[in-house]
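Welcome to the tour. Keep your viewer open and your selection tool ready, and we will go stop by stop.

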Amino acid sequence: MAAGEYVSVSSQADTENADLTREKAELAGNPKQEYAELKDIYVKRGLDETLASSVATQLMAHDALGAHARDELGISDTLAAKPVQAAMASAAMFAAGAFLPLLMVLLLPAYALMWGLAGSSLFFLAFLGLIAARAGGSPLLVSTMRVTFWGALAMGLTAGVGALFGVAA
Ligand SMILES: [Zn+2]
């Protein structure tokens, strides 16, 4: 699970790095066109030609790659994917996700065990998914819903297979 999270976030980081490398090469090879590109972006965002060209000139003099990464590629420092953090959070989540339902087994009365366990597991999953999304820097609602959805599906399948073969879930 942690490994899966690492792979998905690192492939995002790889894409970002590849974009940055290409952008760096374009800036070195064709600065005029890159300048025009940046200026156009600012015009499209509502600046007039004069202001757009002065903003583009000054930002490129200050940090050309940074300006292109932010405004052309949409990569910023806070957005940059963090594979290690996401993997750590995912590992912690897995450990906690296994421990908390165990605790529920001890706390819940027998008749409420099945639904109580399923419900609380989903709740923990959603909560831990939220933490993982925060640590990994991915969109909170989407990530949490994704984790909860797949968790519910996995649980449902497990219960279904258990019922099919007559094994108590
Ligand atoms: Zn560019």
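Start by selecting Leu65: is Leu65 buried, partly exposed or exposed? Leu65 is partly exposed, because 16 other C-beta atoms are within 10 Å; buried takes 20 or more such atoms within 10 Å, exposed 12 or fewer, and partly exposed lies in between, with C-beta atoms placed from the backbone.

Before moving on, two notes. This is a predicted model, in which local features need pLDDT of at least 70 and side-chain atom pairs count only at pLDDT 80 or more, while totals for chains, interfaces and linings use all residues. Residues are numbered from 1 along each chain as its sequence is written.

**Around Leu65**

Leu65 sits in helix H3; helices here are DSSP runs of H or I with at least four residues, strands are runs of E with at least two, and both are numbered from the N terminus. Contact means C-beta atoms, placed from the backbone, within 7 Å. Lys24 is 41 residues from Leu65 along the chain, yet their C-alpha atoms are separated by 6.4 Å.

**Where H2 meets H3**

Next, select residues 31–44 for H2 and 49–73 for H3. Their axes come within 8 Å and cross at roughly 110 degrees, with axes being lines fitted to C-alpha atoms over the stretch in contact and angles running from 0 to 180 degrees between N-to-C directions. H2 is therefore roughly perpendicular to H3, a label for angles of 65 to 115 degrees. Show the side chains at the contact, including Tyr35, Leu38 and Ile41 of H2 and Val55, Ala56 and Met60 of H3. The residues of this contact divide into 10 nonpolar, two polar and six charged; Ala, Val, Leu, Ile, Met, Phe, Trp, Tyr, Cys and Pro count as nonpolar, Asp, Glu, Lys and Arg as charged, and the others as polar.

**Along H5**

Now select residues 113–136, helix H5, which has 24 residues. From first C-alpha to last it reaches 33 Å, close to the 34 Å expected at 1.5 Å a residue, where the expected span is 1.5 Å times one less than the number of residues. Colour Phe124, Leu125, Leu128, Gly129, Ala132, Ala133 and Gly136 to see the buried residues of H5.

**Zooming out**

Finally, show the whole chain: six helices and zero strands. Of its 169 residues, 16% count as buried.

Methods. Angles under 35 degrees count as roughly parallel, over 145 as roughly antiparallel, 65 to 115 as roughly perpendicular and the rest as oblique. Two residues are in contact if their C-beta atoms, placed from the backbone, lie within 7 Å.
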